[in-house]
Amino acid sequence: MSAAPRDALEFPESDRAFLEPQLPPRDGSTSRPDMPFTTLTFATSLDSSLALSPGTRTALSGPQSKAMTHYLRSRHDGILIGVGTALADDPGLNCRLDGVGGYGGEGLDCQPRPIVIDPTLRWDFSDDSKLFQLCREGRGRGPWIVTTVHEPPAEKVSLLKKYGGQFISLNIPTSESGTHRIDWTQLLATLRSNGLRSVMIEGGGHVINSLLEPTYMGLIDRVIVTIAPTWLGQGGVVVSPARRFDGEGNSMSAARLKNVQWYPFGEDVVLCGQVKI
Ligand SMILES: NC(=O)C1=CN([C@@H]2O[C@H](COP(=O)(O)OP(=O)(O)OC[C@H]3O[C@@H](n4cnc5c(N)ncnc54)[C@H](O)[C@@H]3O)[C@@H](O)[C@H]2O)C=CC1
Ligand SMILES: Nc1nc(O)c(N)c(N[C@@H]2O[C@H](COP(=O)(O)O)[C@@H](O)[C@H]2O)n1
């Protein structure tokens, strides 16, 4: 067992009980055997912003809700982000909770697998990227990168392989505007067939807004949102899915939660619920 580093986070037992009904079952079971338990989770400002601007890393969670997010990381097999987030944040995407692998625990116990959606391979990762530093220190797993590119550059393939990561090539159709649109059903089924029983999807804005489209929102088992008591102001990266319309063409809300629970955490509040279909 390794010693916990000084930046290890604590999430007290007393705070864990309320979250249990929101989390993937400990036995790995899912309501759909071919799909992972899927949690959509992020931190937002009062004006629904994830960050000050697309290229900026913005701290919203306070210490208690940050520790809660790391507890969520310890309870999921995978943690998924879009390439915009990888480029903006150079994230660690590991779990820094006291007692998990690399933070006082054995091996990589309870460390989630990072997954980056990068259709055209924009993320020019290297040995210096935070994620790989953590792999070298035995504090995180190598990432899986989901792409449309069928033959990624050999040096990137071997760098990923060195850290136990891989490219996953999917056929993602290109729209007329030249952008790619993931079929979330196909992607989540692929992650399940690669052994992941649960996945938490953290962002950023494009990822969240596309997952909240009517076609895909039924794939989300739980939504867990940290709301920080701040307005980031105009120009931020906003969670605001496309509007829906009823049969007569009238506007409806884009999505709504049911079975809602609210928990105060320090100065933040954490909202848990299920998407109402
Ligand atoms: N507060 C929070 O909890 C979080 C904040 N962020 C912030 O969000 C910002 C990044 O957000 P965005 O710019 O919206 O980038 P993003 O992380 O959503 O990535 C966008 C890119 O990912 C790919 N992508 C995303 N959804 C796709 C889909 N459905 N089909 C195909 N490809 C898809 C595309 O290449 C797209 O350009 C950063 O500033 C980051 O710090 C990110 C995660 C969580
Ligand atoms: N829960 C939460 N609160 C915030 O205030 C945030 N900015 C984020 N961002 C997400 O966490 C990733 C950073 O992870 P590491 O600390 O580097 O491990 C970032 O990339 C976003 O996905 N989340």
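**Labels and their grounds**

Reader: How do you know that the length of helix 2 agrees with what its 12 residues should span?
Author: The expected span of a helix is 1.5 Å times one less than its number of residues, so the 12 residues of helix 2 should span 16 Å, and the end C-alpha atoms are 17 Å apart, which agrees. Helices (H or I, at least four residues) and strands (E, at least two) are DSSP runs, numbered from the N terminus. A word on the ground rules: this is a predicted model, where local features need pLDDT of at least 70 and side-chain atom pairs count only at pLDDT 80 or more, while totals for chains, interfaces and linings use all residues. Residues are numbered from 1 along each chain as its sequence is written, chains are lettered from A and ligands numbered from 1 in the order in which they are written, and side-chain values use heavy atoms, with hydrogens and water left out.

Reader: What makes helix 2 mostly covered?
Author: Buried means under 20% relative accessible area, exposed over 50%, and partly exposed in between (1.4 Å probe, protein chains only). By that rule 9 of the 12 residues of helix 2 are buried, among them Thr 69, His 70 and Arg 73.

Reader: What makes the place of Thr 69 and Arg 73 a matter for ligand 2?
Author: A polar contact is a pair of N or O atoms within 3.5 Å; within protein, one must be able to donate a hydrogen and the other to accept it, and residues adjacent in sequence count only if both atoms are side-chain atoms. The side chain of Thr 69 has an N or O atom 3.3 Å from a nitrogen atom of ligand 2, and the side chain of Arg 73 has one 2.8 Å from an oxygen atom of ligand 2. For Glu 202, a polar side-chain atom is 2.7 Å from an oxygen atom of ligand 2. In the shell around this ligand, helix 2 (63–74) and helix 3 (83–89) are the elements that give two or more residues.

Reader: Which residues come nearest to ligand 1, and how many surround it?
Author: A residue is near a molecule or strand if one of its heavy atoms lies within 4 Å of it. Ligand 1 has 29 residues around it, and the closest are Ala 43, Thr 85, Asp 89, Ile 182 and His 206. Helix 3 gives the most to this shell, with 5 residues.

Reader: Which polar side-chain atom lies 3.0 Å from a nitrogen atom of ligand 1?
Author: That atom belongs to Ser 210. Arg 122 also has a side-chain N or O atom 3.0 Å from an oxygen atom of ligand 1.

Reader: Why is Ser 48 called partly exposed?
Author: Ser 48 has 26% relative accessibility, so it counts as partly exposed. Phi of Ser 48 is near 60°, a positive value in a residue other than glycine. Most residues other than glycine have a negative phi, and most peptide bonds are trans.

Reader: Where is a cis peptide bond found?
Author: The cis bond joins Gly 203 and Gly 204, with omega about 0°. Gly 204 is in the loop between strand 7 and helix 7.
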